[in-house]
Amino acid sequence: MSFQVIEDRHPPVTKTGVLGWIRSNLLFPWYNFVLTLVSSWIIWSIGKPFIQWAVIDAYFGTKSEVCSTTSGACWAFIRDMWPVFMVGVYPEDLRWRPLIGLVIVLALVALTCIKQFRSTRWLRFLWLLSPVAVFLSIGGSETLGIEVVSTDYWGGLMLTLVLSAVAMIFAFPLSVLLALGRTSNLPVIRATCVAWIELIRGVPLITILFMASVVLPLFLPAGTELDKVLRAMVGITMFFSAYLAENIRGGLQGLEAGQYEAADALGMSYWQKTLLIILPQALRIVIPPMVNNFIGILKDTSLVGIVGLVDLLQIAFATTSSPEWFGLLEEAYVFIAFWYWVLCYSLSRYSQHLENKMDTGR
Amino acid sequence: MMEKPKVPLWRNPTVRARFYQFAMLAGLIALAINVYQNTLENLAKRGIGSGFGFLANEAGFRIGEISTLPVFKGGFLWFLAALFFGLVASKALANWLKQKHEKIGDKDRWILAIIALTVVIPLLVLYLGRDTVETVQYTESSSYTMALMTGFANTIKVTIIGCILSTFLGLFVALGRLSPNWLISKLCKWYVEVNRNLPVLMQLFFWYFIVIQQLPNVRQSVNIGDWLFLNKRGLYLPSFIPQESALAFCIAVAVALFSLVFIWRRSKRVLETTGEPGKVLIPSLAVLIGLPGLVWLVGGTPFALEMPVLKGFNFRGGTGLTPEFTALVIGLTVYVSAFNAEIIRSGIQSVSKGQREAARALGLKERHVMRLVILPQAMRVIMPPMTSEYLAIAKSSSLAVGVGYPELVSIGGTILNQSGQSVEIVGIWMAVYLSISLLISAGMNWYNARIKLVER
């Protein structure tokens, strides 16, 4: 008897390729088929009216009169008003100044993306300088001869971004101190930090914003004037310092005890140990959660509308109450939702990317 | 003998620690005094009094959604006393059992004793003294205190409903994401990605100003089987009016639910001794239907059903959910469910594959694999972040101020505008939310400690 080779046969066509994929992922067993039907129906019943409204029946021209007659979306509104969504009631002839601020930040981000420049000293210096430059370009300064634009005129996406950036910049050092305080072994300092963190984490942001806008002026010496935007900044910064501190504490506790012990054994003082050994490692671990925290800030700045600021969310209501564009809230909503979503989604992807990179790095 | 090296005072760690703490304390006290004096000066300049006396003043404004609040009279103290006695006695029992190296969960009779002490006896006392609880409703001539209480009741209502709904919705979305069906898994993924990347206030405004405003007028209400009516003024549902036997009926349901615990435990014991699961379904159904049914037969209908009926310009009867409430609950539920879905999904995925394979290799049935092996381990991962989400619902309910639903913050805001007592109002807000947060996290810490993995 001789050994006979049987020719390799291809798997049945229904098990591989596109057909096989459809079969196993969409159709079989029977309940899978039902689920496919149900989800197709959901997608259809939401997607179809939306596409009908946003694309098929929509008006893409520029005349505002058409808006009251069309049954679909009237994108003329967005075409005309998008700069207001970006900067609010910022003086029209000075709109190039926030743009300069944006260009500065984007240029720095681009430089940081280039590997050779990433850890150079001058780039870090430029980053440290950038908040001042952005502030000067948006707010102006009397001493430098740049026309001052009062914060009453700040608004839109610009205000949302400025509030979040300021909250992050000021909350970060504060939260490092709070986290160190919470892990300190001096009871008075620890108790103070725990009280601050737990008090703030226990109450909603809106009560802190109310506190910053109505109670804070009472706490300061009579005659001190704080403008509305500054008060909101104080509130948001206070709020996020507590949440950031908890993240950073996670990083501090995530370090091996050996790192602390080795630093002590070398005879380092508390601050030498903290600044040279502990913080550089701890902060590295907590970058991804800090990015998530920043997404939180970005979303939560929408609450400043309740204490009277006109951020990206409130701009939707402000623009649609003007007689020319009355009641086009849906269009405005699609536009601002697009901005919030793109910003938050890309940041969350970035944070995931960092997390993956760190996992493989170890 | 070696001479101790002399450490200068300012290098002595103990002295330094004391000095730093003293400096910090002194700084804080100085800050507090400064703030206190500034506040007094500012208040005097603006002609605003301080203290909580204003809370007794007449509120004078209308509240769109009024909950009935209980007022407790002297007799209610008996209930509290019974409850307190029950808790103390249970604790004593637990300690006594601990000395005997037993646990409360070991024998049915200990559990029975605990339930009798902490639930049955206090409920009985409450039932006997039910005349001591009266109900009041806010009116325009009520005090600010009443207004705040009404707001607080609304906050609690939204929080509880939001927690329950968002958990279930989150569970469904998580299961959808884990489903082998490609389409539904992608659909659920994008549900999560869209919802958690848009601000919650924006979503509330979307439901309130865009979706609900586009609903038809009262006369053209969307009618779902004559039971549900949906229109611009809100959602109308049938309501249950409690009759005389209602309280007895509720107690019967509670007792039936508790007895399920025993049926399950018995089933587990039978499973452990014989390998065959004890009967669960039939006894459970018998108890669940039988006990309340008996009360129904003896005491008559516990609840009368009242349908919403269109009369004139609005619906009469039934329960009307205001558009504000509807928007708030839908908005919070949808937003938080996206986070809950991610938490549940990662919890289920965190249980390593080997666990499932081992359970299957032991011959466990698929549902037992889930219930006895996967879920208990996943719960450990799921519970702590879920707690923060529940806390987030309680806190986010304060965004109701944006859509005008009268909960604690929006009513407080109205009072703040009327009376100018900003320090007191903000103080009340913070105290209330802080207590809610501490209560929820205390409860969850207790639960987490119970389900914690016992190592060595």
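Student: In this predicted model, how many residues does helix 9 of chain B have, and what distance does it reach from its first C-alpha to its last?

Tutor: Helix 9 of chain B runs over residues 323–350 in the predicted model. At 1.5 Å a residue, a span of 40 Å is expected, and the helix comes close to that figure. The values asked for are 28 residues and 40 Å.

Student: At which residue does helix 9 of chain B bend?

Tutor: The bend in helix 9 of chain B is about 25°. Helix 9 is also mostly covered, with 23 of its 28 residues buried. The residue at which this helix bends is S337(B).

Student: Which helix of chain B supplies the largest share of the side that touches chain A?

Tutor: The contact draws 42 residues from chain A and 47 from chain B. On the chain B side, the helices that each supply at least two residues include helix 5 (182–196), helix 11 (366–396) and helix 14 (422–451). The largest share amounts to 13 residues, and its source is helix 1 of chain B.

Student: How many residues on that side of chain B are nonpolar, polar and charged?

Tutor: The side of chain B that touches chain A includes four charged residues and 12 polar ones. The nonpolar residues there number 31.

Student: Is chain A compact or spread out, judged by its radius of gyration?

Tutor: Chain A comprises 15 helices and zero strands. For its 362 residues the globule rule gives 21 Å, whereas the radius of gyration is 27 Å, well over that value, so chain A is more spread out than a compact globule. Along the principal axes, its C-alpha trace spans about 95 × 75 × 45 Å. Judged by the radius of gyration of 27 Å, chain A is spread out.

Student: Where in chain A is confidence lowest, and where is it highest?

Tutor: The mean pLDDT of chain A is 87, with 99% of its residues at 70 or more. Helix 1 (residues 17–27) of chain A has the lowest confidence, at a mean of 78. The highest, at 93, belongs to helix 7 (residues 156–182) of chain A.

Student: Why does A332(A) count as buried, and with which residues is it in contact beyond its neighbours within four places in sequence?

Tutor: A332(A) lies in helix 15 (residues 329–361) of chain A. Burial requires 20 or more other C-beta atoms within 10 Å, and A332(A) counts as buried because it has 22 C-beta neighbours inside that distance. Leaving aside neighbours within four places in sequence, its contacts are A316(A), T319(A) and T320(A).

Methods. Residues are numbered from 1 along each chain as its sequence is written. Chains are lettered from A and ligands numbered from 1 in the order in which they are written. This is a predicted model: local features need pLDDT of at least 70, side-chain atom pairs count only at pLDDT 80 or more; totals for chains, interfaces and linings use all residues. Two residues are in contact if their C-beta atoms, placed from the backbone, lie within 7 Å. Helices (H or I, at least four residues) and strands (E, at least two) are DSSP runs, numbered from the N terminus. Ala, Val, Leu, Ile, Met, Phe, Trp, Tyr, Cys and Pro count as nonpolar, Asp, Glu, Lys and Arg as charged, and the others, Gly among them, as polar. The radius of gyration is taken over C-alpha atoms; the globule rule is 2.2 Å times the number of residues to the power 0.38. pLDDT is the predictor's confidence in each residue, from 0 to 100. The expected span of a helix is 1.5 Å times one less than its number of residues. The bend at a residue is the angle between axes fitted to the seven residues ending there and the seven starting there. A residue is buried if 20 or more other C-beta atoms lie within 10 Å of its own, exposed if 12 or fewer, and partly exposed in between; C-beta atoms are placed from the backbone.
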